[in-house]
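I opened a new page in my notebook for this structure, and I am writing down what I looked up, in the order in which I looked.

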Amino acid sequence: MSSPTPLGAPAQVAPQDLSPAAALQQLKALFPALFDGPPKPLKLRIQADIQERAPGQFSKPLLSAVLRRYTGGTAYLVALSKAKQRFDLDGQPAGELSDEHREAASTELARRRGLAEERRAQEQQERRQRANLLRDFEHTTLTRANFCALKGVKDEELDGLLEIARKEIEEDRIRRAAQPQGEQRRGPHERRGEGRGEGRGDGRREGGPRPPRREGGGGGAGRQGKPRAPRPAPENKG
């Protein structure tokens, strides 16, 4: 007969009952030099080292699932793409990282960036389409049924799409209101000209010398009231 668990002692959880998230937290507690903090490239065959240093605490399928999720994370792949060493359970260098593994991590990161950009572009397009749908609905003279037929929208979906569009427009308004006032008034092309000395209309940089005045230009303000001397008549050498 097994002895009862002492009062106040944490209950022991069977390895097969741990979730992957709980198992990762346990790895961080057992081996903080490797698993706590920013991700580090793991030593090859690290699973065998964990089983040896923490026998019976993780089932093999659970540990495989945890490490697969950990090494597939974007933060881990970023670390893998930049590092030159792998690290053991004590956080010490444990072998060089091969170029092949580094390039594989970079390729996967590029693939994920491409998917994220496509997803953002698709979301922006759908957002614009909802805004246009709301604008057209507010100005249409068609019946609801004819409007839905024209737009290719099911009648039962129209109200939901219009409500989403109204919320998105309100979100945009709040975001614009939270921006600095200068950012609201000025467009991108105006913000680029903040170094005001360059590109002035009088052809000089701020603080630089004034260029010579052209003959006949309207620059008489600097010599108030002083008449201009008449030009001498050309000599008659005939």
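**Entry 1: an arginine in a helix**

I began with Arg 130, which touches Leu 161, Ile 164, Ala 165 and Glu 168, not counting residues up to four places away in sequence; contact here means heavy atoms within 4.5 Å. I found Arg 130 in helix H6, where helices (H or I, at least four residues) and strands (E, at least two) are DSSP runs, numbered from the N terminus. Is Arg 130 buried or exposed? Its relative accessible area is 18%, so Arg 130 counts as buried, given that buried means under 20% relative accessible area, exposed over 50%, and partly exposed in between (1.4 Å probe, protein chains only).

**Entry 2: what kind of model this is**

I noted that this is a predicted model, in which local features need pLDDT of at least 70 and side-chain atom pairs count only at pLDDT 80 or more, while totals for chains, interfaces and linings use all residues. Residues are numbered from 1 along each chain as its sequence is written, and side-chain values use heavy atoms, with hydrogens and water left out.

I then looked up the confidence, for which pLDDT is the predictor's own figure for each residue, from 0 to 100. The chain has a mean pLDDT of 80, and 69% of its residues reach 70 or more. Confidence is highest in strand E1 (residues 85-87), at a mean of 96, and lowest in helix H10 (residues 188-191), at 46. Over residues 1-11 the pLDDT is below 50, and this stretch has zero contacts in the model beyond near neighbours in sequence. The pLDDT is also below 50 over residues 187-207, but there I found 14 contacts beyond near neighbours in sequence.

**Entry 3: the chain as a whole**

I counted 10 helices and two strands in the chain, and read along the sequence they follow the pattern α-α-α-α-α-β-β-α-α-α-α-α. Of the 238 residues in the chain, buried ones make up 21%. Among contacts between residues at least 6 apart in sequence, 54% join residues at least 24 apart. The chain exposes about 18,400 Å², of which carbon and sulfur atoms supply 51%; these areas come from the Shrake-Rupley method with a 1.4 Å probe, and for residues only the protein chains shown count as cover.

**Entry 4: the nonpolar cores**

I looked next for nonpolar cores, each being a set of buried Ala, Val, Leu, Ile, Met, Phe, Trp, Tyr and Cys residues joined through side-chain atoms within 4.5 Å. Which members of the largest core touch the most other members? Of its 26 residues, they are Leu 27, Phe 35, Leu 42, Ile 50 and Phe 58. The elements that give two or more residues to this core are helix H1 (20-30), helix H2 (32-35), helix H3 (46-53), H4, H5 and H6, and H4 gives the most, with five residues. Apart from this core lies another one of eight residues, among them Leu 133, Phe 147, Val 153 and Leu 162.

Leaving aside neighbours within four places in sequence, Ile 50 is in contact with Leu 27, Phe 31, Phe 35, Phe 58, Leu 63, Leu 67 and Leu 89.

In helix H5 (residues 74-82), the buried residues are Tyr 76, Leu 77, Ala 79, Leu 80 and Ser 81, and they pack against helix H4 (60-71), E1 and helix H6 (99-139).

**Entry 5: aromatic rings**

I found three aromatic pairs in the structure, where rings of Phe, Tyr and Trp (its six-membered ring) pair if their centres lie within 6.5 Å, and planes under 30 degrees apart count as stacked, over 60 as edge-to-face and the rest as tilted. The rings of Phe 35 and Tyr 70 have centres 5.5 Å apart and planes at 65°, so this pair is edge-to-face. The pair links distant parts of the chain, with Phe 35 in helix H2 and Tyr 70 in helix H4, 35 residues apart. Tyr 70 and Tyr 76 form a tilted pair, at 5.6 Å centre to centre and 55° between the planes. Phe 35, Tyr 70 and Tyr 76 form one aromatic cluster.

**Entry 6: an arginine in a loop**

Last, I looked at Arg 45 in the loop between H2 and H3, which has a positive phi of about 60° although it is not a glycine. Its relative accessibility is 68%, so Arg 45 counts as exposed.
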